[in-house]
Amino acid sequence: GLKPVLAATLGFVLAHNILYTYIAPLLDRAGMGGRVDATLLLFGVAAIGSIWMVAVGIDRRLRTLTLASVGLFLVAALMLGAFGQVSWIVLLAVVIWGLGFGGAASLFQTASARIAGEAADVAQSMVVTAWNLAIAGGGLLGGLMLLGGGAGLLPWSCVLLLAAIGLVVWKSRLGFA
């Protein structure tokens, strides 16, 4: 039952790091290249709100919150892909992305701990390993996409990843129960 949790963690954080690592080229598409600082501040504030929302409901609604997190991030990636040249839509997408991302670490760690039971320490280590691999992979894959087709490819790759992750979470009754 841990495989779906690890797959979801890897895919979600991979998608996040594809966008987050290359936020400057994404913002350049909307003429906002000089506002990386303010955009990341906006993302961070939204993420803090997400952490609070997850903290309030994680014990009772792990699966629902995980699906909401993936869904919010998917909507944000769709917005960045389809309307990434429109600054106000980019800012709205960044807020939605932050709301989807902020509590994700708690969601995935909780799912792994629940499924692993007494082996929770081992499961936690595996989640951290998946998370770290995704950070490196996001930089690598995002860089290759920038070289191969530009910043416009980044959000669409995330749409594909997040759709797959949503299906994994949806079908995994055990890991995200």
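Because the model is predicted, local features are reported where pLDDT is at least 70, side-chain atom pairs count only at pLDDT 80 or more, and totals for chains, interfaces and linings use all residues. Residues are numbered from 1 along each chain as its sequence is written, and side-chain values rest on heavy atoms, with hydrogens and water left out. The predictor's confidence in each residue, pLDDT, runs from 0 to 100. For the protein chain the average is 96, and 100% of the residues score at least 70. Confidence is lowest in α6, with a mean of 95, and highest in α5, at 98. Helices here are DSSP runs of H or I with at least four residues, and strands are runs of E with at least two, numbered from the N terminus.

Buried means under 20% relative accessible area, exposed means over 50%, and partly exposed lies in between, with a 1.4 Å probe and protein chains only. The largest such core has 52 residues, and those with the most contacts inside it are Phe12, Leu19, Trp97, Leu154 and Leu162. The elements that give two or more residues to this core are α1 (2-21), α2 (23-28), α3 (36-57), α4 (62-83), α5 (87-101), α6 (104-116), α7 (120-149) and α8 (153-171). Of these, α1 gives the most, with 10 residues. In soluble globular proteins, nonpolar side chains tend to be buried together.

Two packed helices are described by the angle between their axes and the distance between the axes. The axes are lines fitted to C-alpha atoms, for helices over the stretch in contact, and the angles run from 0 to 180 degrees between N-to-C directions. How do α3 and α5 pack? Their axes lie 6 Å apart at an angle of about 35°, and the crossing is right-handed, where right-handed means that the near helix is turned clockwise from the far one by less than a right angle, and left-handed that it is turned anticlockwise. On the α3 side the contact is made by Thr39, Leu42, Phe43, Ala46, Ala47, Ser50 and Met53, and on the α5 side by Leu91, Val94, Val95, Trp97, Gly98, Leu99 and Phe101. These residues divide into 11 nonpolar, 3 polar and no charged, with Ala, Val, Leu, Ile, Met, Phe, Trp, Tyr, Cys and Pro counted as nonpolar, Asp, Glu, Lys and Arg as charged, and the others, Gly among them, as polar.

Alanine 47 lies in α3 and is buried, with a relative accessible area of 10%; not counting residues up to four places away in sequence, alanine 47 touches Gly98, Leu99 and Gly102. Leucine 42, also in α3, counts as partly exposed because its relative accessibility is 31%. Beyond its neighbours within four places in sequence, leucine 42 is in contact with Leu91 and Val95, and the C-alpha atoms of leucine 42 and valine 95 are separated by 6.4 Å although they are 53 residues apart along the chain. Leucine 41, again in α3, is exposed, with a relative accessible area of 60%.

α1 and α5 pack at an angle of about 145°, with axes 12 Å apart, and their crossing is left-handed. Phe12, His16, Leu19 and Tyr20 of α1 meet Trp97, Gly100 and Phe101 of α5, and the residues of this contact divide into 5 nonpolar, 2 polar and no charged.

Two further residues complete the tour. Alanine 136 lies in α7 and counts as exposed because its relative accessibility is 51%.

Conventions:
Core = buried A, V, L, I, M, F, W, Y, C linked by side-chain atoms within 4.5 Å. Contact = heavy atoms within 4.5 Å.
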